[in-house]
Amino acid sequence: MSLAVAFQMDPIESINIDTDSSFMMALEAQKRGHRLYHYHPRDLSLTGNKLTARVREMTVVRQRGAHYTLGEAKLVDLSTMDIIMLRQDPPFDMAYITSTHLLEHVQPKVLVLNDPAEVRNAPEKIFITRFPDLMPPTLITSDKQAILDFRAEHKDIIVKPLFGNGGAGVFHLKPDDENLGSLLELFTQLYREPVIVQRYLPEIRQGDKRIILIDGEPAGAVSRMPQDGEARANFHAGGSAKKTELTERERAICAAIGPVLREKGLVFVGIDVIGDYMTEINVTSPTGIQEINRLDGVQLEAQLWDAIERRRAAA
């Protein structure tokens, strides 16, 4: 059955087709005969209880420099879509939160993935605190003295913005580093939210593992290796991809969180694991499909669409 699939995402012209997961999702949907549409969050309008967007019909092809075509913009009632893919990148700010509220107006008639209410309620660095036994020692606060006390206890620490992404603004501070005060002053100027502080995990040198879960089940993983002299392993921060397999501990982590993800309609999720600890649960627009595909010879986008179509059929 051909489905109408709208992608709410960043400008299609700006993506890197060699790394972007949304691109792979669109390619697979197109391969299955589904009709694709593209729009930006700013294209949304709510009149009463009717949600509309100016959408463009989209086709995609794996050809650098010519990877998409878009039709003329037209105003459509989003309740006429079968599936809406919520795929714009953070920042997870009030604009992002507003779009999740708007998308709830087309549910349950339209299958929105990931579920917008649950995305709103599951910021990457806060959602993980529901699983305290699986994460490293963590502090979320604006209280400078609490941060100093945490550092006195754990020595090496990581400080990062609560709603950052892609490794931006992540700092590793050693016990003798004198920049903590200045860093907290800077964060106060840049952000209104608390900061998140975690015990530094030296296992990062062996990789920050991104594990993809599809409908609560682990589907694949890749180790993101930090560059020399770098505390961040994120691909956006220059980390490199290395083939890996799941450890017994990592399978236990997936088994613990999987039922919660399924219940909340969080179908496509990427978790980050360093050593024995989960450090983030990414539900907004997780990446990693292409790196895992290349290293493991799989097609995660096909597994993902199998799960999406099952959900749509059961709705």
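Which residue in β12 is the bridge partner of Thr141? In this predicted model, in which residues are numbered from 1 along each chain as its sequence is written, local features need pLDDT of at least 70, side-chain atom pairs count only at pLDDT 80 or more, and totals for chains, interfaces and linings use all residues. Side-chain values use heavy atoms, with hydrogens and water left out. The bridge partner of Thr141 in β12 is Val195.

Helices (H or I, at least four residues) and strands (E, at least two) are DSSP runs, numbered from the N terminus. Two strands are taken to pair if DSSP finds at least two bridges between them. Strands of a sheet pair through backbone hydrogen bonds, either parallel or antiparallel. Here, four strands form an open sheet in the order β9-β12-β10-β11, and the pairing is antiparallel. Because β9 (138–141) and β11 (171–173) stand at the edges, each with a single partner strand, one side of each is left without a neighbour in the sheet. From one strand to the next, the twist averages 20 degrees. Axes are lines fitted to C-alpha atoms, for helices over the stretch in contact, and angles run from 0 to 180 degrees between N-to-C directions.

Strand β9 is joined to β12 (residues 195–199) by four bridges, and the two run antiparallel. Thr138 stands opposite Gln198 in β12. Helix α6 (residues 180–190) packs on the sheet, where it touches β10 (157–161), β11 and β12, and its direction makes about 15 degrees with that of β10; contact means heavy atoms within 4.5 Å. Buried means under 20% relative accessible area, exposed over 50%, and partly exposed in between (1.4 Å probe, protein chains only).

The whole structure contains 17 salt bridges, each defined as a side-chain nitrogen of Lys or Arg within 4 Å of a carboxyl oxygen of Asp or Glu. One of them joins Arg32 and Asp306 (2.9 Å, N to O). Arg32 lies in the loop between α1 (21–31) and β2 (35–39), and Asp306 in helix α9 (residues 300–314), 274 residues apart. Arg32 also meets Glu309 in a salt bridge (2.9 Å, N to O). Glu28, Arg32, Asp306 and Glu309 are linked in a network of salt bridges. Arg32 is partly exposed at 25% relative accessibility, and Asp306 is partly exposed at 35%.

Arg224 and Asp272 form a further salt bridge (2.9 Å, N to O). Arg224 lies in strand β14 (residues 217–225) and Asp272 in strand β16 (residues 268–274), so the pair ties together parts 48 residues apart in sequence. Arg224 is buried, with a relative accessible area of 4%, and Asp272 counts as buried at 4% relative accessibility.
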